[in-house]
Amino acid sequence: MKIAFTASTTPVAQTARAALIGRYGDAPLEEADVIVALGGDGFMLQTLHFTEKLPAAVYGMNRGTIGFLMNEYNESNLIDRLQSAEVAALNPLSMDAVDASGKTHKALAINEVSLLRASAQAAKLRITVDGRLRMEELVCDGALVATPAGSTAYNYSAHGPVLPIGSDVLALTAVAAFRPRRWRGALLPKTATVRFDVSEPEKRPVMAEADSRSFKNIVSVVIRSDPAVTHRILFDPGHGLEERLISEQFN
C-alpha cells in the first residue's frame, strides 16, 4: 500500500509525520493509495480540498484540537487500520458569490457556506429556495447552509440541527436572528438551490465564507450541493462519521 503523509505546520504534526515516514515511507500524492493527514479538522478540510481531484481517500489522525473528522493518533498497525477503515463519501456545497463590483467568486465547502455581517450593523438578507421567495427579510448576524458532515461545526454552534450523514438534507440556519425573532432556520432537500440577496449592502456590508475562505462586500450568493465532486474520508471501524454525528447529540 502506497501512503502519502501530509501534516499541518504545527511542531507536533510535523514530528508525527517524520516518525510515520520513518516507519512506512512516503509516496507522492499523485501515486498514493491513501493520503494520511496529520493535524486538526481545519487541516483535514484543507487536505480534502487540495486533493479533491486525486483518486486516493484521506485518513486523518488527530494532531490538533477537536479532531471531529480525525482518527486517534497511533503509529502502530497503520496498514491494518487503513485496510479495515470505513469510507464516508461526501459531496461538497458549491458557492457562487457576487460582490459589489459584479465579480463572481466560486468555491466549494465541505462543511458550510455562511454569510456574516461585516460591520456593526445587522445584515438584512432575502432568501429564495429553488426560485421561490421564502423570506422577504431576515435581520441577523448572518446565515449559513450546512452539509450533514458540517452540521456539528459552525451550524451546531448557531443552534442548528445535527443531520444524519445519509439524510440527503441540508440545514439552513440563522446566526443570531433578530427578525423574525428567534427564527431557527429550515431543513431543505440536498437537491435544493438556495439564494441569499443582501439588502442595503453599502450600509450593511456582508462577507461570505466557504469553509473559511472569505469574500468581502457580497451582494448575492447561490448555494447548491455539487454531486460532481465526492470526497472520501476513512474512519476506524465503529468510529465512523455517522456514529460521531449521533454521539455528538448526547454529549
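Let's start at Arg-81, which sits in helix α3, residues 78-84. Helices here are DSSP runs of H or I with at least four residues, strands are E runs of at least two, and both are numbered from the N terminus. This is a predicted model, where local features need pLDDT of at least 70, side-chain atom pairs count only at pLDDT 80 or more, and totals for chains, interfaces and linings use all residues. Residues are numbered from 1 along each chain as its sequence is written, and side-chain values use heavy atoms, leaving out hydrogens and water.

**Around Arg-81**
- Arg-81 counts as buried because its relative accessibility is 14%; buried means under 20% relative accessible area, with a 1.4 Å probe and protein chains only.
- A polar atom of the Arg-81 side chain lies 2.8 Å from the backbone oxygen of Glu-72.
- Leaving aside residues up to four places away in sequence, Arg-81 touches several residues, including Tyr-59, Met-61, Tyr-73 and Asp-236; contact means heavy atoms within 4.5 Å.

**The whole chain**
- The chain's secondary structure comes to 5 helices and 17 strands.
- Its C-alpha trace spans about 60 × 40 × 30 Å along the principal axes.
- Of the 251 residues in the chain, 50% are buried.
- Counting contacts between residues at least 6 apart in sequence, 66% join residues at least 24 apart.

**Surface**
- The chain exposes about 12000 Å², and carbon and sulfur atoms supply 50% of that area; accessible areas come from the Shrake-Rupley method with a 1.4 Å probe, and for residues only the protein chains shown count as cover.

Technical notes
Polar contact = N/O pair within 3.5 Å; in protein donor to acceptor, adjacent residues only side chain to side chain.
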